[in-house]
Amino acid sequence: ASAQPASALVVAATLRSGQRVAHEGSVLVLGDVNPGAEVIAGGSVVVWGHLRGLAHAGAEGDEKVVVCALDLSPTQLWIAGKIMPVPPRRGKTPPEQVQIKDGKFVSEEWKVK
């Protein structure tokens with residue numbers, strides 16, 4: 001028998017410096033994640049706003065998760081045990097999603113399918 005995946009946690013607020021959200025499933029933030037704030041999820045991390053703090057998706061080791069944000073410019077981004085080199089700020093960018101494919105971080109435009 002397979003384990004039931006944890007339900008998603010919805011945070012309808014902007015996370016400020018010093019705030020930390022940790023959940024065994026996926027986390028959806030309806031707001032911004034400011035520098036100094038942290039989102040740690042066993043599943044995926046989705047930010048309907050600016051991701052400027054720390055995001056750790058797949059915290060239990062799952063590499064099949066994604067990190068998505070309308071504005072993806074984190075101070076740190078982790079998927080499972082891997083840390084992504086943070087690219088330099090590029091000005092206005094489209095919504096993005098990051099995932100691991102073939103052991104490498106892949107960042108692409110976040111398109112709803």
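Ile 40 stands opposite His 56 in β6. Strands, like helices, are DSSP runs numbered from the N terminus (strands E, at least two residues; helices H or I, at least four). This is a predicted model, in which local features need pLDDT of at least 70 and side-chain atom pairs count only at pLDDT 80 or more, while totals for chains, interfaces and linings use all residues. Residues are numbered from 1 along each chain as its sequence is written, and side-chain values use heavy atoms, with hydrogens and water left out.

**Sheet**
- Five strands make an open sheet with mixed pairing, in the order β2-β4-β6-β8-β9.
- Its edge strands, β2 (20-23) and β9 (82-83), each pair on one side only.
- Two strands count as paired if DSSP finds at least two bridges between them.
- β4 pairs with strand β6 (residues 54-57) in the parallel sense, over three bridges.
- Strands of a sheet pair through backbone hydrogen bonds, either parallel or antiparallel.

**Aromatic pair**
- The count comes to one aromatic pair.
- Trp 48 and Trp 110 form this pair, edge-to-face, at 5.8 Å centre to centre and 85 degrees between the planes.
- The pair links distant parts of the chain: Trp 48 lies in strand β5, Trp 110 in the segment after β11 (104-109), 62 residues apart.
- Rings of Phe, Tyr and Trp (its six-membered ring) pair if their centres lie within 6.5 Å; planes under 30 degrees apart are stacked, over 60 edge-to-face, the rest tilted.
- Trp 110 counts as buried, at 17% relative accessibility.
- Buried means under 20% relative accessible area, exposed over 50%, and partly exposed in between (1.4 Å probe, protein chains only).

**Two loop residues**
- Asn 34 sits in the loop between β3 (27-29) and β4 (38-41).
- Asn 34 is buried, with a relative accessible area of 15%.
- Not counting residues up to four places away in sequence, Asn 34 touches Thr 14, Leu 15, Arg 16, Arg 52 and Gly 53 (contact: heavy atoms within 4.5 Å).
- Glu 60 is found in the loop between β6 and β7 (66-72).
- Glu 60 is exposed, with a relative accessible area of 71%.
- Glu 60 and Glu 24 are 36 residues apart in sequence and 8.2 Å apart in space, C-alpha to C-alpha.
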